[in-house]
Amino acid sequence: MRIVRWLLVAGALLCAVGARAADAGKVLRIAFPVAETGFDPVAVSDLYSNTVLDAVLDPMLAYDYLARPAKLIPNTLESMPVVSDNGATFTFKVKRGIFFAPDPAFKGKQRELIARDYAYSLKRLFDPKLKSPWVFLLEGKIMGLDDLMQRARQSGTFDYDAPVPGIELLDAHTLRLKLNEPDYNLLYIFAMPTLGALAREVVDAYGADIGSHLVGTGAYYLKDWTRGSSMLLEPNPHFREEYFAGSAGNDAHDGTIAAALKGQRLPIIGRVQINIIEENQPRWLEFLNGNLDLSGVPNEYTNLYVPGGQLAPSLAKRGIALQRSTGMSVTYQYFNMKDPVVGGYSPEKVALRRAISLAYNTGEEIIIIRKGQAIAAQSPIPPNVAGYDENFRNPLLEYNPAKAKALLDQYGYVDRNGDGYRDLPDGTPFELEQPSAPTSLDRQYDELWKKSMNAVGIKIRFKKDKWPELLKQSRAGKLQMKGSAWSADYPDGDNFLQLLYGPNSGMANDARFDLPAFNELYRKARGLPDSPERTKLYQEMTKYVAVYAPWKLGIHPIENVVVHPWVRNYKRNPNILAPWKYLDIDAAQRQARR
Amino acid sequence: MNRRLPRTNDAGASPGVWRLAWQRLRRDRVGMASLYVVVAFLLLIAASHFGLIAADWQQEKGVSFANPSFLPHLENREAQQSLQLQTAQAQSDPSHLAQFRAVDPLAATYDQVQQRALSYQIKEPARAMTLPFGGDKWGRSVLAKMIKGAEISIAVGLLAALIATMLGTLFGALAGYLGRWVNDLLEWFYNVFTSIPYLLLIFAIIAVVKANPALQSQGLLTIVLVLGLTGWTGVYRLVRAEYMKHTHREYVRAADAIGASVWRRMFVHILPNISHIILVQLSLLVVGFIKAEVILSFLGFGVPVDMVSWGTMLDEAQNELVIGKWWQLVGAGLLTMAVFVTAFSLLTDALRDALDPKLK
Amino acid sequence: MGAYLIRRLWQMIPTMLGVILLVFFLFTQFGGDPAQVLAGKITDQAQIDNIRKELGVDQPVYVQLWIFVKQVFTFDFGRSWVTKEEVSHIFKQRAGPSLTVMTPILLIELLLGVALAMWVAYRRGTVSDRAVMIICILAMSVSFLVYIIAGQYLFGFVLGWFPVQGWSDNLWRNLTYFAPLPILLAVLVGLGPTIRLYRSVFLDELGHDYVRTARAKGLSERAVMFKHVLRNALIPIITNLAMALPGLVLGAFLIEIFFSIPGLGREVKIAVDRSDFPVIKAITVYLAFATMVFNLIADLLYRWADPRVELR
């Protein structure tokens with residue numbers, strides 16, 4: 001009883017302190033270029049909705065703000081989870097005294113975060129009714145959870161109270177997960193906002209409307225929301241007393257941030273105002289006007305404002321800072337390995353794919369379409385991801401139309417019917433079919449493909465269709481080839497190489513690439529933690545990708561973020577979607593400079 | 001018998017009217033000036049269509065965003081970057097294949113391919129730093145694109161307007177002349193069509209055309225059909241009203257009396273008498289469709305990739321203004337499209353005044 | 001009057017059914033498959049089947065059509081496939097901003113258009129008539145897209161007279177601060193055609209006998225214009241207005257996109273990009289309905305403007 005009263009007093013104190021910690025006069029103004037879709041964590045898969053979720057919900061783990069390479073730290077846990085059984089059992093101890101933001105569903109009571117909430121969020125992911133696009137993250141991994149999903153598909157309702165062997169609640173604050181087999185990447189998944197804690201009574205109270213009643217334990221809560229237009233976040237009045245606990249980073253800039261944040265109660269900023277501005281021109285002009293505090297630089301404008309990767313003097317003079325980083329994603333053009341024209345493993349098919357790869361001018365894609373804001377990919381694994389090797393160079397990925405022609409000649413792809421285009425070795429004419437969506441950006445890629453293929457005498461036509469339709473055909477294996485991209489769900493190379501693993505054909509493996517040598521290496525690598533040994537295996541696998549060319553590897557995009565001088569403590573961390581709780585604003589400076 | 005029929009007595013149309021209209025038009029100085037401009041454009045696009053000019057518009061003759069010849073000294077970072085890339089790619093040495101030999105199914109032919117490649121050393125022609133009216137991002141001449149774009153845009157406008165006018169005339173004639181259930185049915189169809197907002201209708205029809213692979217490969221036809229199939233309602237309305245008026249006139253009854261068929265009465269007897277109204281509608285539609293093509297391009301439903309239109313040029317230009325590359329916006333949006341559309345609209349006005357003197 | 005209203009409303013039913021059929025078949029037969037987009041990055045057939053079941057797109061066509069008809073008449077289109085927002089809520093929330101921008105555009109265009117058109121019609125054939133008409137045509141010849149891109153850059157940024165973009169939830173601030181630039185640009189674009197249209201209406205009226213009679217009676221030209229011509233020209237002006245209204249609800253979607261105004265036009269564009277069929281279908285059907293209602297209102301207004309018009 002006394003404990004309860006003490007807790008209440010502590011809670012009240014917390015509220016009072018919480019209100020003081022963040023300064024309501026400090027407002028961060030940012031813009032999203034694409035409208036959010038909603039806020040049910042297991043249902044939304046777009047970047048911008050997840051960014052807001054990241055500020056409002058608390059997953060069990062978080063990424064260290066300044067540490068590079070990426071490092072996980074406890075978020076709502078007392079300490080990092082205990083791993084036993086060689087990586088097949090994980091025990092999580094949730095910190096006491098963490099409370100949800102107020103909501104009518106709690107009937108006026110303060111609601112403490114307990115381990116059951118995380119178990120609930122985990123189970124929601126597998127509820128067929130919610131059709132979560134994230135199921136693949138944990139599919140087949142947690143003991144018994146897939147069976148529960150199967151039963152729910154048959155019966156029509158998902159039984160949240162049914163026991164799951166892999167999910168155990170040892171006490172109110174301890175959760176133990178048991179896996180079917182060891183998995184070294186599991187913890188990354190528990191740092192995604194998708195698995196942030198939700199209170200079951202809130203979800204039950206709002207039903208299908210849960211996407212618009214976001215209640216979490218995070219630093220902010222969603223105060224106002226005009227769909228597709230604006231979002232206003234304010235500090236969660238019940239937010240725990242949290243102080244910056246990250247490492248000091250690697251360079252002087254990091255050091256300044258770490259010093260400023262040391263002992264600092266979070267969050268600092270009292271309001272985050274997000275507006276949706278879809279067109280580049282107005283969004284960029286609003287940043288220049290000082291109405292947005294930080295913004296990405298649209299690629300089209302980088303030659304003027306970030307020439308040669310340096311901030312333009314006109315912006316630097318105003319104290320604006322540039323943060324440039326390579327995104328954790330890769331683009332690729334896949335060839336359907338089952339396609340009668342470009343698919344197959346025989347030398348002449350390999351030669352055709354390699355010739356197409358040699359003929360496509362990735363350099364021009366980077367310079368002209370992407371305005372220099374990308375680096376050519378050497379392997380499927382992007383920088384800042386475990387398994388990336390910056391010294392690895394892949395000579396098969398060059399642009400060399402002369403060699404492409406030589407390769408085509410060598411393997412019998414010559415023009416036999418005199419129409420000016422090459423034919424197959426058996427003399428039948430062929431035409432590549434590149435799918436493309438009806439957008440201005442796709443048009444630019446079409447132009448580049450057209451002229452690249454014309455230059456080596458390969459005929460190409462474009463299949464214009466709406467994006468969902470193309471996706472459908474791609475999944476059904478009906479496309480000959482297609483440009484695609486993959487962004488890291490977590491910073492580990494496995495997330496990328498699984499895209500070429502044979503048994504994943506038709507799911508993540510668009511190309512339906514199924515090479516026994518590659519598959520074996522992949523299985524071997526999955527049994528290893530991140531290590532030089534594994535990186536070596538990854539390089540071997542990359543060689544197979546290069547010579548068999550199921551993919552023409554594209555680029556890793558470079559992201560340019562510009563920040564006004566009155567924004568403090570900003571450091572781009574590719575794993576943290578919403579770093580807002582660490583930021584500070586000098587409101588006086590902002591007022592004076594605008 | 002037939003020949004002695006006063007075919008044109010009532011509405012006073014046909015040869016006499018056209019001659020009179022032409023005389024009136026010739027007195028209209030603005031009208032004649034516009035006519036000259038329109039004819040000049042038509043000659044231009046004919047020349048471009050038959051490959052006399054701008055045939056090489058797809059060739060990348062200049063550097064990326066080449067400056068216009070009259071402003072040779074503007075800073076051009078895009079050009080510098082693309083030139084650097086060319087140098088870098090020319091220098092790349094394709095030799096370190098040794099590490100792949102063990103796993104490469106093509107390893108046996110490495111040397112042969114290398115040998116053949118030497119005979120193909122492609123030398124890129126030097127690129128010009130300036131072009132007459134500047135270059136686009138690939139280094140193609142904006143002037144050539146303006147001409148080629150005019151050809152495509154005007155062709156789209158004219159063809160779509162022809163389809164829309166023919167549909168509208170046919171439906172209008174049927175409804176107005178036959179009346180009864182035909183009229184009811186077409187009126188219903190008209191009501192359904194016009195009650196759906198234009199933009200949504202466009203989206204819907206695009207979905208239909210795109211789903212049909214036979215139409216997809218036709219390229220330009222897609223956009224022409226989208227515009228043509230949505231634009232007939234205005235013509236229908238006017239033509240229907242005219243037919244209702246004319247049906248009961250004497251000359252039509254006379255034709256009926258001598259046993260002319262329904263089709264003959266509709267399209268041989270009545271149609272010439274209202275052709276001036278249709279002509280004016282046609283010209284109005286041309287202008288409307290040329291402008292609609294721009295909006296469609298903005299929405300990503302433009303002409304195929306190996307063609308260029310004013311719409312695709314303006315769509316590209318929207319991001320170029322901020323970085324100071326204004327020539328495509330000015331060239332497509334003002335110098336060609338605005339001039340042509342203005343001249344065509346003025347000509348339409350003059351034509352209307354000349355054909356329907358009552359309005360004056 | 002009452003009987004007339006009932007008859008007209010009755011006539012709307014077949015049109016409405018036609019719209020429903022057209023919309024339904026266009027989207028079910030030719031639209032993309034939403035399950036693919038909703039399924040996310042990695043997925044298998046079982047999951048896609050599950051989503052198709054949830055959305056009801058695995059039902060036979062006639063069942064889907066019946067569901068659609070029910071939705072139309074119960075005003076319940078369910079939820080957006082992508083955002084899970086109720087479609088009726090989308091209407092409620094997005095209509096306001098569209099109207100806030102579009103009503104001033106309509107009114108300014110009407111007043112300026114009628115005034116200028118009367119003036120040029122009055123001075124028909126003179127140099128000023130010619131000049132205004134040529135300016136109108138010139139203004140019409142430049143694409144709306146060019147106006148917006150250049151106008152936003154020039155007035156919003158370089159000169160800084162207006163905000164570049166934005167919207168608030170305060171009506172007054174929207175009207176006085178955020179809306180003026182979009183309104184200005186839209187009026188610039190819309191005025192040309194409006195003046196031309198109204199000018200021809202006035203010229204048409206000036207050719208009528210009653211004008212000659214009025215002049216013969218010795219009325220001043222001014223009195224003829226304002227007392228007789230304007231009154232008679234009201235009918236076509238009202239028609240034009242009524243026809244324009246539902247289109248305005250959809251808004252100049254380009255304006256809404258470039259100025260970040262959360263209106264219906266922008267919503268439709270986003271929905272089309274996302275293949276969010278419930279939203280597109282609902283907006284199409286209800287705007288079609290609105291068009292019919294406005295046409296009816298226009299007919300009723302005829303009678304008010306000119307009692308000689310018989311309602312048949």
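How many residue pairs are in polar contact between chain A and chain B, counting pairs with both at pLDDT 80 or more? The count is 12. This is a predicted model.

## The interface of chains A and B

Chain A gives 58 residues to the contact, and chain B gives 52 residues. Together the two chains bury about 4900 Å². Carbon and sulfur atoms account for 59% of that area. On the chain A side, A:Asn303, A:Gln410 and A:Arg443 lose the most area to chain B.

The rule finds four salt bridges across the interface. A:Glu447 and B:Arg140 form a salt bridge through their side chains, at 3.2 Å from N to O. Several elements of chain A give two or more residues to the side that touches chain B. Among them are helix H8 (280–288), helix H13 (401–410), H14, strand E18 (460–464) and helix H18 (532–548). The residues on this side of chain A split into 27 nonpolar, 12 polar and 19 charged.

## Helix H14 of chain A

H14 covers residues 440–456 of chain A, 17 residues in total. From first C-alpha to last, the helix reaches 25 Å. That is close to the 24 Å expected at 1.5 Å a residue.

Its buried residues include A:Tyr445, A:Leu448, A:Trp449, A:Met453 and A:Val456. A:Glu447 is the salt-bridge partner of B:Arg140. Just after H14, A:Gly457 takes a positive phi of about 85°.

Note on methods: Residues numbered from 1 in each chain as written. Chains lettered and ligands numbered in written order. Predicted model: local features only at pLDDT ≥ 70, side-chain atom pairs only at ≥ 80, totals over all residues. Heavy atoms only, no water. Helix = DSSP H or I, 4+ residues; strand = E, 2+ residues; numbered from the N terminus. Expected span 1.5 Å × (residues − 1). Buried < 20%, exposed > 50% of the residue type's maximum accessible area, 1.4 Å probe, protein only. Contact = heavy atoms within 4.5 Å. Buried area = accessible area lost by both parts, 1.4 Å probe. Polar contact = N/O pair within 3.5 Å; in protein donor to acceptor, adjacent residues only side chain to side chain. Nonpolar A, V, L, I, M, F, W, Y, C, P; charged D, E, K, R; others polar.
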